[in-house]
Number of protein chains: 2
Amino acid sequence: MPVVRFLPGDRLAEVPAGTLLHDAAVAAGIPDLDLPCGGQGTCGLCLVEIIGPENEAGLRLVPACQTRVRQDVTVRIPERQELAMQVVGDSHFLVSRELLPDPSRLSPLFRRVPLTVPPASLDEHYSDWLRLTRALARAGLPEPYTAGLDLLRTLAAALREQDGRVTVAVEEAEAGSRLLEVTPGHEAWRAFGLAVDIGTTTVAVQLADLTDGRVLGTATSYNLQIRRGADIISRIEYARTPERQAELRGLVLETVNGLVEELAAGAQVSRMEIRAAFLAGNTTMMHLLLGLPPQHIREAPYVPTVNPVPPLAAGDVGLEIHPDAVVRWAPGVGSYVGGDITAGLLSTDFQVTRDEVFLFMDIGTNGEIVIGNADWMIGCACSAGPAFEGSGIKCGMRAAPGAIEHLEIGETLESVTYKVIGGGMPAGICGSGLICLLGQLLLRGLVDPAGRLNMEQETDRLITAGQGRAFLLERAARTATGQDLVITEADIDNLIRTKAAIYSAGSLILQSVGLTWDRIARVYIAGGFGRYLNVADAVLIGMLPDLAPRRFRYIGNSALTGAYIALLSREHRRRLAGMASQLTYLDLSSNPQYMDSYVKAMFLPHTEVGQFPSVAQKLRGSNRPAG
Amino acid sequence: MPVVRFLPGDRLAEVPAGTLLHDAAVAAGIPDLDLPCGGQGTCGLCLVEIIGPENEAGLRLVPACQTRVRQDVTVRIPERQELAMQVVGDSHFLVSRELLPDPSRLSPLFRRVPLTVPPASLDEHYSDWLRLTRALARAGLPEPYTAGLDLLRTLAAALREQDGRVTVAVEEAEAGSRLLEVTPGHEAWRAFGLAVDIGTTTVAVQLADLTDGRVLGTATSYNLQIRRGADIISRIEYARTPERQAELRGLVLETVNGLVEELAAGAQVSRMEIRAAFLAGNTTMMHLLLGLPPQHIREAPYVPTVNPVPPLAAGDVGLEIHPDAVVRWAPGVGSYVGGDITAGLLSTDFQVTRDEVFLFMDIGTNGEIVIGNADWMIGCACSAGPAFEGSGIKCGMRAAPGAIEHLEIGETLESVTYKVIGGGMPAGICGSGLICLLGQLLLRGLVDPAGRLNMEQETDRLITAGQGRAFLLERAARTATGQDLVITEADIDNLIRTKAAIYSAGSLILQSVGLTWDRIARVYIAGGFGRYLNVADAVLIGMLPDLAPRRFRYIGNSALTGAYIALLSREHRRRLAGMASQLTYLDLSSNPQYMDSYVKAMFLPHTEVGQFPSVAQKLRGSNRPAG
């Protein structure tokens, strides 16, 4: 069998002739050869250099995902910039406090319930089990009750040690409650839970104290699956075989478990004390997390294997917490409106204003949009791409320390002031910074409505580099990476496509119910742009509709907030199930008007400038060249 | 530490000074040293012979359950007659056929359901899981549905292989259904279930085909726990420590698993194909089977740890069938009216005749009696003792091949004709034979109303042997054991105490609701007397009330029949739960009138002969001496 030698590192793999170079790299123990396109050969990001012997076609750079090994060969893997894997350590909610569960009335997925079980008497000689379960029913725990033998074996002694004063560990079952342990007395107890949002690009985990609902920490990182496809379609494409499904499962588990370990260590919590988890994520991510074949999601009629996901045990899922911890899932509506959206809706307050129509946008790698009120809801999904999460943008990064999250370009075009998360020198730009930057470039006439840089403007910041034309945000000497911080025309094009996908999806869904933008009383914007989103900037570039600023509400990672709420409150878990059954899915891909609407939105702010009257006025008043 | 040498077999055990000889025997690998009294030192059946050195008191025969090891000692264990461990191989029901579940409409605890799951469409793009569960709901399987990851991983492929034609393996959960496996196509399937009745003395197991309800075999044997106590109180007494609870658990599991292995081999069924079990048994037996401490059952206020028992997995229980097989339990009412009684009630047809009062008697080691109709039920328990199961009677045995089940004593007193189960020479007498024998002895004047043998009767069959006075049923040369087959005065006394306990309990319960015997329209008699019970004989000895024979119905091992019905029918499982909640428990032990009623019944047929007018008439017409 041919031997493949990989440089640098000099790793060897002996593989059958015909093996893909990428698979040989995996066999050689090189797991991090990125395949953002899922191995379709379209992104060019897995190019490797053939050192020798020369191949038939005389090529030296070949895509590892498409090139097969024929003979002994030496290959060099180019060095690439590492993904920013730092995390935002501080935690907070962007939703109003009254939406969060009342700490005095929590009903978490796992809890310990102090009870006083009355003793039996000759008149009421009910068994220990019956008296215990009656006390639980009086305490409001849902019936029926189940338990294992270990609990039954200790029950008689536990009930008699302190005159019936016991503490019962209870977890919520699909129906009813499962009793895990009965201990004598009313001791204080410790138990923790996870709220998890698994995004295509970003994974977020929150550690909560189940006794009082306190958030002990929030950690986020890129989904390690990015190496095998940047977006959902690429990742489904990659996951063709059971082996690759297992690989992708391993990668996202590595991501989640790494965050859990970090949070547990930071809060001085043993992972065995984590007894419950509530997960939200899009339908494909749930399939990949569970090792389920995802391909039917992208084949007509586009159905997932499982949605909603039935409750599972953490040990089966692969979460490295207490193996019996109950894992529950936000229910999705279809292949492209997943549990992340229903969980996100849970964190809005639209039920309070049921007479008004709301718009909910969750902008991640996919954009999902829901319009409705308390009585009806319609949702759709569009392929936004991960640009606002910092992926696919030359200097893009997640909202992590070192990210520029806000900036202004001075009227002279020379001064650029910016704000860096955590302070210090910038390492990149996060989503909110990119929206801000694009708005500023438009406002200052540095970019035209089609997204082309106006090189005639008099500033040294407009440069032509290896990647083509670009705007220089900060010089290498003043950045954390030691490289120029720029936005290229290709980046701008990417951002415009993303914002166009979002806006046109919203337009189309409104059209389908016969409404116009001005009927929207409240716009909820969720997504990983950063810690806040400047709505005026987002309206300026035509991503959000031109409505009065007071109608907008940025709710951040609403899927994570929703998962947190559902972890702690049975009432909200019921609401969540109700939302999923109430939400109707609208398929954009089969809608002929969508492409037309999308193309019209591929301008800054829009080809129909009448849809953005306030932006038109602002641009007229700015110092952009007349044109 | 002292070394104990056991003969015969020359087994050694080195044990700490102070260890009971019985525990040393267990440590030496001698498990079958019987302790019928539970180690209280009252029965003398664990006497062992001290070979040397002589002990301080100079005794050579000491009870192993009471004697402690002080120094090196050699002990001989006397040989004892082995318990009859054969089984009745044929299976049948003594209840009317229409009570048994309709084979075409079974809803067993485990089943495979053939379904055709409609494919998804662009209009109805529900997930595979949702379409599957909707099809299950249409097929009548109870919601909610749960499943493990293994099923989810194969679901998409299974649904698509044969256009949605799949077979789903489903087991009933505490609430809803657990889906275990989805396979393509509508193949024929095999799966089997167990109905189990765990009695204090006798364990009965029935193997049923879950596809059509056919009974493939029934096997019974003595509960191996008999070695550690013949009745419930002795066994609770023995089970003082966790180690002994574990030992008793091991013994009953050995009993049940032995029967299961035998049935599975006989029916050519793999034990892994046994996917469900429904168990009935008295409350103490359930505790000992599960390794639960039973002592609170016999301490005021007499409450068990668990009743009803929540569903468990076979692997946890220790049943050697499929480890995930669901094990469900007939619910009991109190410490002394257990799941065997509710299961037994399930096999009666009293709900059909709800205007009439019925009497249900289950006569095993304990006697349980229920009086009521479809609207109300009152139950009580009395310590009958295991005499009718053949235990504690010199030549008694279970209703197994070799047992005399019916007999007649000729008018000359010399000829005794009898019927042996399975034919051939007799090995002993089972319950129905004993009732018959006692009735014949009374009828022929061979025994007086107080239970004393009338040695003045002219027959060689009245003998005086080592055990005192006895009636010789068959000579050693014509028995399977090679020993004389006799009934002793001690045996007769034992039988009278048993029948008195039963009759007086029935009297008392009637008294408590202000009814008399003549109000009873139907008497159901359950118990392990044999394959049938001669009611006239049982009335003759005063065990059953003197009612018209047509009011009696012998239903055999009704607990086993009830477990079989519940194994196969969800409707009957619901009825069973309803019965348990409807049944009121009456405590005889705290009732001052019970002893009075019991003493009055300690005569043949009764001190108040007016309660048995037909018997009085029959005795007057018989050839018994005037008295």
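Me: How many residues does the contact take from chain B and from chain A?

Reply: This is a predicted model, in which local features need pLDDT of at least 70, side-chain atom pairs count only at pLDDT 80 or more, and totals for chains, interfaces and linings use all residues. Side-chain values use heavy atoms, with hydrogens and water left out. Contact means heavy atoms within 4.5 Å. By that rule, chain A gives 43 residues and chain B gives 43 residues.

Me: Which three residues supply more of the area that chain B buries against chain A than any other three?

Reply: Buried area is the accessible area (1.4 Å probe) that two parts lose on being put together, summed over both. For chain B and chain A, this is about 3,600 Å², with 69% of it on carbon and sulfur atoms. A share of 16% of the area that chain B buries comes from three residues: His125(B), Leu149(B) and Arg153(B).

Me: How many salt bridges are counted between chain B and chain A?

Reply: A salt bridge requires a side-chain nitrogen of Lys or Arg within 4 Å of a carboxyl oxygen of Asp or Glu. Between chain B and chain A, the count of salt bridges is 0.

Me: Which element gives the most to the side of chain B that touches chain A?

Reply: Helices (H or I, at least four residues) and strands (E, at least two) are DSSP runs, numbered from the N terminus. Elements giving two or more residues to this side include helix H2 (128–138) and helix H3 (149–161) of chain B. With 6 residues, the element that gives the most is H3(B).

Terms used. Residues numbered from 1 in each chain as written. Chains lettered and ligands numbered in written order.
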